[in-house]
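Please keep the sequence and the 3D view open while reading.

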Protein chains: 2
Amino acid sequence: MKLLKICIIGSSGHVNYVLDDIKERPDIEICGVAPGPEEEGVKGLFEKLKSLGHPVEYFDNYIEMLDIIKPEIAVVACYNGNHGKVTMDAVKRDIHIFVEKPIATSLGDLIEIEDAVNHKGIHLAAMFGIRYTNWFYTAQKLVREGAIGNVRLLNAQKSYKLGQRGVNFQDSDLYGGTIPWVGSHAIDWVYWFAGKKFKSVYAVQSSLYNNNHKSLETSALCHFTLEDEIIASVSIDYYRPSAAKTHDDDRIRVVGTKGVIEVRGKKVHLINEDNDGSSEVELLTTEGIFTDFLRVVEEKGQPIVTKEASFYVTEACLNARLSAETGKIIYF
Amino acid sequence: MKLLKICIIGSSGHVNYVLDDIKERPDIEICGVAPGPEEEGVKGLFEKLKSLGHPVEYFDNYIEMLDIIKPEIAVVACYNGNHGKVTMDAVKRDIHIFVEKPIATSLGDLIEIEDAVNHKGIHLAAMFGIRYTNWFYTAQKLVREGAIGNVRLLNAQKSYKLGQRGVNFQDSDLYGGTIPWVGSHAIDWVYWFAGKKFKSVYAVQSSLYNNNHKSLETSALCHFTLEDEIIASVSIDYYRPSAAKTHDDDRIRVVGTKGVIEVRGKKVHLINEDNDGSSEVELLTTEGIFTDFLRVVEEKGQPIVTKEASFYVTEACLNARLSAETGKIIYF
């Protein structure tokens, strides 16, 4: 049994994708943890990893960590604005990358990373973990199996509670924007459900009424056109009321030539010639995103979130942000 | 008691707005019915009006009818592409107009009619009847009363069953387009709920997979920006499956600084500091749209669908269609 070593850079919440999926994998060890370039706190994560029995060392400098530990996998989960630089530092060292989205906050960095990753032949996946929820997974599988015919129109929604967020959400360079951060999931769903390439995007965003979060955009709307005249809206907001029962209100509605399917409230609703929409669709179960990532690293199969999709959806997010910043339609 | 005379031109389904609301009004008589310029069949409507006891005469020519009957009110419900011409013929005769939307299918005709209506001091309302459903009426009232704070983002939806439609849906000049026909309701809701003016619109539409309905657009998506950086999507499709329990699936989701309200499935859902969304909002009841129209004609009060909104929303529809036809962002 080959031992796989992991290093973690940063400590965003989605590091749990990794911890959840390696519980039953004694052959995988987290050997190092370090902050990203902003020296954000990762001590809490370090203590947690020690308590879980990992042979983990703490490093002040992630580059030193990568050079000393020489891990097979780097988990990049620092501030958004640093994902690109940190990812590139790991790519240069031939390390597979499991990275919080967005992979990069500039198109130049993104292209440089994609070229290098493909040249090196390593794996990279962005943390589009919502694909692995039973409801999104089931709905997308039904669409791919033809339950609604040809996809024509998609309406995706991300709605989050704002609360009081840290400095990394208030500095536009560190944050990278609400479209790449919150919206990326919904843009990913559009690409995944439609199974077609983007042709253009038009987007508008607003930072008004953001409860003193400086430049943080609290509402945004993206309008994508895909191949075959498929059209998609992506609605994004930080206005989910604190009284709501869940933090997020993730939805997609996919309209096809033979039916309409919706994910809403962690349920799947389907109307087609066999279903009038009155009964809930039974949900399939999935593996976790990091298990899927490991499958590729261990050369055992294809993942749900491919390297190609990770880069392409990030490009779509950055094009949407560019549209919102310039007021122009951006063509892919 | 002053007797009010009505003439009807054309026989689209929404003529029922009139018939429903004058049942208890013996002082209102439908005195004439005629087809529009396309000489479409109105004999069925004529027989129905006779059976209801109206002193109705059938005319082959609507202009002759207006000149002979001299009604106070003309109901214009012919093919969309003829609304503008027929409305203008009635306006010239100082007749109040209750007109199927869109009021006109060209901006030039629309402006000409608006100028004339305002100059004459007559009333005109477009048949934006969905405002008067208990669910939309209740939700809009809650928004205006501040239940969700300041409106920031709106997602409106119209979804219809296609079925097999007549020649007036397949000839683009007679039909006028899916955005002005189906979408106009949702564009109207956006304006009504936001209570702000439009700044720009970007729209895309497709006629693919339209079941041999020639140029009929079966999907469309409009992206409006309003004053105060308010953003709105309007999603339109003809793909509601025939198995669905209702013909239409009308929705709006309105996101505000203090809450989110939704109309879906003829119910209103509200989440704000007092509501976690688990209980249904009790619905208010409303009068009908034609009763409201009569209120203005009889100088007894203000309507829900104003003359101003009738023209302005039609302009917004035609701008959205222009965007979809040209691929450009249209500024108001």
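## Cavity, symmetry and local backbone

In this predicted model, a search of the whole structure finds 1 cavity of 30 Å³ or more. The volume of the largest cavity is about 280 Å³. Its lining is made up of 22 residues, and those nearest the centre are Asn155(A), Gln157(A), Asn155(B), Gln157(B) and Arg251(B). Two or more lining residues come from each of β7 (151-159), β10 (230-237), β11 (251-256) and β12 (259-264) of chain A, and from each of β7 (151-159), β10 (230-237), β11 (251-256) and β12 (259-264) of chain B. By residue class, the lining of the largest cavity holds 6 nonpolar, 8 polar and 8 charged residues.

How are the two chains related? Two copies of a chain are related by a rotation about an axis and a shift along it. Here chain A is superposed on chain B by a rotation of 180° with 0.0 Å of shift along the axis, and the RMSD is 0.0 Å. This is the relation of a two-fold axis. Both copies use the same surface, since 100% of the contact residues of chain A recur in chain B.

Next comes a helix of chain B. Which residues of helix α2 (residues 43-51) of chain B are buried? They are Leu45(B), Phe46(B) and Leu49(B). An α-helix has 3.6 residues a turn, so residues three or four places apart point the same way. Gly44(B) and Ser51(B) are exposed and sit on the face of α2(B) turned away from its buried side. The cover over the buried residues of α2(B) includes β1 (4-10), α1 (16-21), β2 (28-34) and β3 (57-58) of chain B. After α2(B) comes Gly53(B), which has a positive phi near 95°.

| Residue | Phi | Relative accessibility |
|---|---|---|
| Glu299(A) | about 55° | 74%, exposed |
| Lys266(B) | about 60° | 48%, partly exposed |

Glu299(A) belongs to the loop between α10 (289-297) and α11 (307-326) of chain A. Lys266(B) belongs to the loop between β12 and β13 (267-272) of chain B. Glu299(A) counts as exposed because its relative accessibility of 74% is over the 50% cut-off. Lys266(B), at 48%, counts as partly exposed.

In chain A, the bond joining Lys101(A) and Pro102(A) is cis, with omega about -5°. Pro102(A) is in the loop between β5 and α5 (107-120) of chain A. In chain B, the peptide bond from Lys101(B) to Pro102(B) is cis, with omega near -5°. Pro102(B) is placed in the loop between β5 (96-99) and α5 (107-120) of chain B.

One more loop residue of chain A remains. Where is Lys92(A) found? Lys92(A) is in the loop between α4 (80-91) and β5 (96-99) of chain A. Lys92(A) has a relative accessible area of 52% and is exposed. From Lys92(A) to Val117(A) there are 25 residues in sequence, and the two are 8.7 Å apart in space, C-alpha to C-alpha.

Key:
Residues are numbered from 1 along each chain as its sequence is written. Chains are lettered from A and ligands numbered from 1 in the order in which they are written. This is a predicted model: local features need pLDDT of at least 70, side-chain atom pairs count only at pLDDT 80 or more; totals for chains, interfaces and linings use all residues. Side-chain values use heavy atoms; hydrogens and water are left out. Copies are superposed by least squares on the C-alpha atoms of residues with pLDDT of at least 70 in both. Contact means heavy atoms within 4.5 Å. On a 1 Å grid over the protein atoms alone, a cavity is a set of points where a 1.4 Å probe fits but cannot get out, and a pocket is an open set with protein on both sides within 12 Å along at least five of seven lines; lining residues have an atom within 4 Å of a point. Grid points are joined across faces, edges and corners, and a volume is the space filled by probe spheres set on the points. Helices (H or I, at least four residues) and strands (E, at least two) are DSSP runs, numbered from the N terminus. Ala, Val, Leu, Ile, Met, Phe, Trp, Tyr, Cys and Pro count as nonpolar, Asp, Glu, Lys and Arg as charged, and the others, Gly among them, as polar. Buried means under 20% relative accessible area, exposed over 50%, partly exposed in between (1.4 Å probe, protein chains only).
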